[in-house]
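Please read the following briefing alongside the sequence and the coordinates. It begins with conventions and then moves from the whole chain to single residues.

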Amino acid sequence: MKSILSALAITAAATLVLAGCSAGAPAATEIKVAYQKFGPSQQLDHHMKAVKEAYEAKHKGVTVKLVPIEAQQNDYFTKLALMNRASATAPDVMYEDTFMIKSDAEAGYLAPLDSYVAKWADWKQFPDNAKQAGAGDDGKIYGVSMGTDTRALWYNKEILAKVGLPVPWAPKTWQDVLDAAKTVKAKAPGVIPINVYSGKPQGEAAVMQGFEMLLYGTQDKLYKADTKKWTVGSKGITDSLQFVKDVYQGELGPKPEQALDTTVGNTVSNEWLPQGKLAISLDGSWVSGTWLPTGGTPWPQWKDVMGVAPMPTQNGEKPGMTSMSGGWTLAVGAKSAHKSAAWDFVALALDKDNSQKFDIMSSQIAVRKDVSNDKAYLASNPTVGFFSKLVANTHFRPATTDYPKVANEIMVAMESVMTGQQTPKQAASTYDGAVVGIVGKKNTSK
Amino acid sequence: MTSLTTTAAGRDARGRGAHPPRPRGVGRSLVRSLPLVPAIILLAVFLLGPVISSFYGSFTDSSLTGSAAKGASFVGFGNYLELFADKDFPKSVLLTLVFLFASAIVGQNVLGLGLALLMKSGNRVVGAIVGTLVVTAWVLPEIVAAFAAYAFFNATGTLNTLLAVVGLDGPNWLYRLPMIAVILANIWRGTAFSMLVYSAAIDDVPDDVRESAEIDGAGGAKRLVYITIPMIRRSISTNLMLTTLQTLSVFTLIFVLTGGGPGTDSSTLPILAYQEAFKFSRLGFGTAIATIMLVVGALFSIVYIRALKPEVD
């Protein structure tokens, strides 16, 4: 008996030791590419697979390991951050949102790319604002822009015409938008009048597509770049929350329980819009990517059924419309052991041909000058012209490392008004308190 | 539990003085405890290590992104002060206690005891069928049970479909009554454990005691209060402690059913800790909440051990 026990103990100990040893370095060079594969970013998966093949054919001896992360936006950031914390799991190349760049660069997750872009012939094709989108607080470049986006109102022409609204529809104020939604509610039962993303489950998407599309149409800003102060106690914030409340508590939007489902972003573009269950959606320029033949829900008729209108300012103040822009980049991991090979992957994935393929496939607004002037690109999607024009009146998220934290507080405020747990005033004052807690009182202003 | 009894027995044997302690006693017991070393090391590495590291983490501003992700700095009681000032925190503690009290202490224990008693005196076939059904919920992995409960409670789920058959229009349980839904789901999932513990305990109540009580004229209720419950109180204590600790850490069930929402209406402490640490990237703040959970669990354990201290019969 004793000998059996000791044999078992030795085996167990040996297993532990051996398991420790086997986690050594892989023999050949392998680069890990982490990206999101969820909803509108499904097309990215096709793109990455194609680039992997081309890359491996060109660079013998290097294998590309694709790590698609199937998660909604905030969960994607969390998983990426957890991977980035240990060098054994840190990706070599990652798909990184422009608004996370400054924060993640400061966290030491991203490698500066200045020495690589300096030698890259294609770099001059990127306009300055696109270059800046990938810059960290220290001015170094940490990400190369894949494309940008703008946001506006998508509407179903058939539904609006049926309830007697003018098509093409061009609302001038928030009230026009709400009135149109009320008309749909009254005359087209069973159709959700308007969708505005809101609440914690949608992550930062709710903040940008929902709240900021409203706030930047008021007289107030979220953050004043010139004084570097965050706005608190502003009427714009309360009014924007009131709009969210009017939509959800006024039963003009999806039911709050539908809107608080993490998959509602997919549901809107894959089901509600193509099936005619939703009349108006405050959404991104990329939405039609889902309906292209390469997308998740091909819908050839969308070009005739769907219309687009700019999001009006609150009371029609100049310039009469507003939009928000973001976009994603490819970045190289700071803990990568093969930074040069990783950079080669980035450069290949974002050369003229591949950028163009990606921008067309996922309905992105091109940033490379050679792509945005390409005839094939301009002809690829009837909404390209409309969304590109919005760039003139667009806004960008506050470029500070505190933004992701402040955005979390906005989600909390939105959710508490859409569920009726707080009035817009109460939620705004909770938000003010939280912002003071994050950035300090001296960095806020009225 | 077992280790406690063994030590006690060991002490007794020595106390009787059958073999006076030998001079090399200390050395001998050290050698004899050698086989325990691997287990102790594993416990230290995989249990004590994370607890200490999380405890330390709760005093830092450790984060998933931003400058604090590179090197966290010590912030003393900062996280705790902020937590106690946060109005979501008392609400979350209250929700946790409601969840604990309603689903574990009352729900699982009372229902478990009731089922065990009924199965003891009921028809064997019915008992076997009921037992199997109850245990099924417990055998399911937590995530599967959570999805099953979601399919039952959601707006167009089984429950509302059944209600519609009798002409009732059920609310969206997960949205309108989130706490009721998660409490019922946890009772459904956890009752089997209490039922099994109590069945075993009741089987151990000697028949002659029960019979003599019966002869003395004690009815069912009296037998339960004066005979059965006092005789199984050690099992009650153990079971209360286990179900309490299990329920305090229930995460998957609530996360799948309601995600802690709507708003914060079902955010118990584990959900709040997850949200702060992994949704809002504030690892230090999240671990502070986890530490509070540890304290709450410890307090309950002490209360149970004190209140239901098993005396020697």
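Helices (H or I, at least four residues) and strands (E, at least two) are DSSP runs, numbered from the N terminus. With that numbering, Pro319(A) lies in the loop between strand E10 (306–309) and strand E11 (323–325) of chain A. This is a predicted model, in which local features need pLDDT of at least 70 and side-chain atom pairs count only at pLDDT 80 or more, while totals for chains, interfaces and linings use all residues; side-chain values use heavy atoms, with hydrogens and water left out. Residues are numbered from 1 along each chain as its sequence is written, and chains are lettered from A and ligands numbered from 1 in the order in which they are written.

**Chain A as a whole**

- Chain A has 20 helices and 14 strands.
- The radius of gyration of chain A (taken over C-alpha atoms) is 24 Å, close to the 22 Å that the globule rule (2.2 Å times the number of residues to the power 0.38) gives for 446 residues, so chain A is as compact as a globular protein of that length.
- Along the principal axes, the C-alpha atoms of chain A fill a box of roughly 80 × 55 × 50 Å.
- Of the 446 residues in chain A, 55% are buried, where buried means under 20% relative accessible area, exposed over 50%, and partly exposed in between, with a 1.4 Å probe and protein chains only.
- Among contacts (heavy atoms within 4.5 Å) in chain A between residues at least 6 apart in sequence, 75% join residues at least 24 apart.
- The accessible surface of chain A, from the Shrake-Rupley method with a 1.4 Å probe, comes to about 18,200 Å², and 57% of this belongs to carbon and sulfur atoms.

**Strand E9 and its partners in chain A**

- In strand E9 (residues 278–284) of chain A, 7 of the 7 residues are buried, so this strand is largely enclosed by the rest of the structure.
- Strand E5 (residues 151–156) of chain A runs antiparallel to E9(A) and is joined to it by 5 bridges, where two strands pair if DSSP finds at least two bridges between them; Arg151(A) stands opposite Gly284(A) in E9(A).
- Strand E6 (residues 192–196) of chain A pairs with E9(A) in the parallel sense over 4 bridges, and the bridge partner of Asn195(A) in E9(A) is Ser281(A).

**Backbone geometry in chain A**

- The peptide bond joining Val167(A) and Pro168(A) is cis, with omega about 0 degrees, and Pro168(A) is found in the loop between helix H7 (157–162) and helix H8 (174–187).
- A cis peptide bond also runs from Lys318(A) to Pro319(A), with omega near 5 degrees.
- Glu251(A), which is not a glycine, has a positive phi of about 55 degrees; this residue lies in the loop between helix H10 (235–249) and helix H11 (256–259) and is exposed, with a relative accessible area of 55%.

**Two loop residues of chain B**

- Ser281(B), a residue other than glycine, has a positive phi near 65 degrees; Ser281(B) lies in the loop between helix H15 (269–279) and helix H16 (283–307) of chain B and counts as buried at 15% relative accessibility.
- Thr65(B), found in the loop between helix H3 (37–57) and helix H4 (78–85) of chain B, counts as buried at 9% relative accessibility.
- Not counting residues up to four places away in sequence, Thr65(B) touches Ser281(B) and, in chain A, Met100(A), Ser103(A), Asp104(A), Ala107(A) and Tyr109(A).
- Thr65(B) and Phe280(B) are 215 residues apart in sequence and 9.6 Å apart in space, C-alpha to C-alpha.
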